[in-house]
Amino acid sequence: MEFKPIKTKKIYEVIIDQVKAMIGSGALQPGDRLMSERELAEKLQVGRSAVREAFRVMEAMGIIKIKPGEGTYISEQNVESLVNSFSPVLPADRKNVREFMELRRILEVEAAGLAAQRRSLDQLENIRLSLQQLQNDIEQGNLGGEADLRFHFTIAEASHNSFLLNLMNTVGDIMSRVLSATLHILYQNPANPPRIMREHWAIYDAIKNGDHEGARQAMLEHLTKAEDYLFNNI
């Protein structure tokens with residue numbers, strides 16, 4: 001028998017475990033309404049950002065369904081299998097997710113290059129602020145999914161191509177789900193968060209310096225590495 005490294009769980013993972021346990025015990029049933037983000041944060045005595053991350057991951061896993069303007073509910077389908085799942089289920093099969101990642105490369109690599117040529121000072125500052133928020137979220141043990149998504153969409157805005165931005169907005173919901181599931185898998189390895197931050201800052205630096213090709217290459221490297229790691233670990 002050998003000792004195994006002890007993995008320190010992040011706050012959002014503990015929240016997910018509690019919800020799973022309550023589903024398994026029957027305390028939460030399919031169709032039950034969960035507390036609001038604020039109420040649950042107060043009940044668990046944690047930050048709202050941790051609850052927000054937990055909700056994002058659980059939605060990607062299919063454990064909950066978030067209905068805007070109504071609330072958050074335990075999903076009706078496959079509750080038993082979800083309780084027994086200890087890794088997120090991507091919101092599509094492998095083929096569809098790979099095709100979606102290909103679409104991201106098509107859109108976001110060129111968006112980064114255009115942003116390097118066309119971004120305004122205000123847009124550059126917004127990109128930097130989203131990265132700073134992502135850094136803060138990661139240091140607090142959260143996924144930073146919202147800040148990560150904002151980073152990519154702010155770059156799309158800085159491309160000053162309305163058709164590209166509209167396409168990004170069209171797939172925004174799918175992108176949010178896939179990103180949450182992807183980050184959950186990536187961050188199981190403690191070496192990944194600092195590497196991912198370096199990749200984000202490399203994209204920012206290229207855009208800041210007006211380096212069209214450098215921004216394209218930095219974004220391509222970032223998305224390709226994420227995709228490779230994802231498909232090697234699901």
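This is a predicted model: local features need pLDDT of at least 70, side-chain atom pairs count only at pLDDT 80 or more; totals for chains, interfaces and linings use all residues.
Residues are numbered from 1 along each chain as its sequence is written. Local features need pLDDT of at least 70 and side-chain atom pairs count only at pLDDT 80 or more, whereas totals for chains, interfaces and linings use all residues; side-chain values use heavy atoms, with hydrogens and water left out.

Two packed helices are described by the angle between their axes and the distance between the axes. Helix H9 spans residues 172-186 and helix H11 spans residues 212-232; their axes come within 10 Å and cross at roughly 70°. Here axes are lines fitted to C-alpha atoms, for helices over the stretch in contact, and angles run from 0 to 180 degrees between N-to-C directions. Helices (H or I, at least four residues) are DSSP runs numbered from the N terminus. By class, the contact has five nonpolar residues, one polar residue and no charged residues. Ala, Val, Leu, Ile, Met, Phe, Trp, Tyr, Cys and Pro count as nonpolar, Asp, Glu, Lys and Arg as charged, and the others, Gly among them, as polar.

One aromatic pair is found in a search of the whole structure. Trp 201 and Tyr 204 form this edge-to-face pair, with 5.5 Å between the centres and 90° between the planes. Rings of Phe, Tyr and Trp (its six-membered ring) pair if their centres lie within 6.5 Å, and planes over 60 degrees apart count as edge-to-face. Both residues belong to helix H10 (residues 192-208); because they are three residues apart, about one helical turn separates them. Trp 201 is partly exposed at 25% relative accessibility, whereas Tyr 204 is buried at 8%. Buried means under 20% relative accessible area, exposed over 50%, and partly exposed in between (1.4 Å probe, protein chains only).

Trp 201 is also in contact with Gln 135, as is Met 197, when neighbours of Gln 135 within four places in sequence are left aside. Gln 135 lies in helix H6 (residues 121-139). The C-alpha atoms of Gln 135 and Pro 193 are 9.1 Å apart in space, although 58 residues separate the two in sequence. Asn 126 is also placed in helix H6 and is partly exposed, with a relative accessible area of 39%.

Note on methods:
Helices (H or I, at least four residues) and strands (E, at least two) are DSSP runs, numbered from the N terminus. Contact means heavy atoms within 4.5 Å. Rings of Phe, Tyr and Trp (its six-membered ring) pair if their centres lie within 6.5 Å; planes under 30 degrees apart count as stacked, over 60 as edge-to-face and the rest as tilted.
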